[in-house]
Amino acid sequence: MLTNKAKHRCPSKVTRILSLAGVAGVAVAAPLVATGSASAATASEWDAVAQCESGGNWSINTGNGFYGGLQFTPSTWAAFGGTAYASSADQATKEQQIAVAEKVLAGQGKGAWPNCGTGLSNAAYNGGGAEAEKPAEKPAEQPAPQAAPERPEPRADRSEQRTAPAEETVETPTGETVAKGDGEYKVVKGDTLSQIAKAENVEGGWKKLFELNKDVVDNADLIFPGQQLHLS
């Protein structure tokens, strides 16, 4: 497969006017042809381009999207009036292909054949005429996505925020420790559940007092100074 393929760009404004000449009439086409002749190349120069592009085969069609000796794309061939001669460049004569190529040269310059058109005379290498393809613009940089704000930790239940008592146990006369409790009555030496229930008018007596403080008192007969009992 040949490596130097023509990269014919989209037709320029001048070219589009040329394409409409067949509809607008000969009066429009005449000055445009004159403009193109200013950039005309010699037959030998076109032969050199064809030799570079297609090995000099004016009827070549390899199925790669480029046709004829000067390797026209179908869109370029049609835009510059080539379909007036044949449906594709490989089916046109050498002279017809050169006639279309002159219009391409006038509209796009040597840049229509980037690798093989540098030797064409009377035409600037303008990379595709006044409306040559612009390089793709670099897309604007998108700002980096911002991290979602951290959600505050849910507040703990008020009951969980209570400060634990400094002392949660009390020491018995034998040196053991028992639960202290957090009730409103503080046991003193000599107290019993019966005495406390009677003195504090606990409805239900000592049994009720024992029920209210089972988390602190294991044995109704044993309570210790420092323990704090609930009375209701």
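**Overall architecture and side-chain links of the predicted model**

Read along the sequence, the protein chain runs in the order α-α-α-α-α-α-α-β-β-β-α-α-β. In total, the protein chain contains nine helices and four strands. Of its 232 residues, 36% are buried. The accessible surface of the protein chain amounts to about 14900 Å², and carbon and sulfur atoms contribute 52% of that area. Among contacts in the protein chain with a separation of 6 or more, 54% are made between residues 24 or more positions apart.

Helix α4, which spans residues 43–54, takes part in several side-chain links. A search of the whole structure identified two aromatic pairs. In the pair formed by W46 and W113, the ring centres are 5.3 Å apart and the planes meet at 70°; because planes over 60 degrees apart count as edge-to-face, the pair of W46 and W113 is assigned to that class. W46 belongs to helix α4, whereas W113 is located in the loop between α6 (94–108) and α7 (158–161). The two residues are separated by 67 residues, and their pairing thus links distant parts of the chain. Both tryptophans, W46 and W113, are buried.

The angle about the S-S bond is -60°, and the link of C52 and C116 is left-handed. C52 lies in helix α4 and C116 in the loop between α6 and α7, 64 residues apart, and here too the pair links distant parts of the chain. The two cysteines fall into separate accessibility classes: C116 is buried, at a relative accessible area of 9%, while C52, at 28%, counts as partly exposed.

The count of salt bridges came to two. One of them is formed by the side chains of D47 and K94, with an N to O distance of 2.8 Å.

D90 is situated in the loop between α5 (74–79) and α6. With a relative accessible area of 13%, D90 falls under the 20% limit and is therefore classed as buried. Its side chain makes a polar contact with the side chain of S88, at 2.6 Å. When residues up to four places away in sequence are not counted, D90 touches W58, S59, I60, N61, Y67 and G68.

Methods: Residues are numbered from 1 along each chain as its sequence is written. This is a predicted model: local features need pLDDT of at least 70, side-chain atom pairs count only at pLDDT 80 or more; totals for chains, interfaces and linings use all residues. Side-chain values use heavy atoms; hydrogens and water are left out. Rings of Phe, Tyr and Trp (its six-membered ring) pair if their centres lie within 6.5 Å; planes under 30 degrees apart count as stacked, over 60 as edge-to-face and the rest as tilted. Buried means under 20% relative accessible area, exposed over 50%, partly exposed in between (1.4 Å probe, protein chains only). Contact means heavy atoms within 4.5 Å. Accessible areas come from the Shrake-Rupley method with a 1.4 Å probe; for residues, only the protein chains shown count as cover. A polar contact is a pair of N or O atoms within 3.5 Å; within protein, one must be able to donate a hydrogen and the other to accept it, and residues adjacent in sequence count only if both atoms are side-chain atoms. A salt bridge is a side-chain nitrogen of Lys or Arg within 4 Å of a carboxyl oxygen of Asp or Glu. A disulfide is a pair of cysteine sulfur atoms within 2.5 Å.
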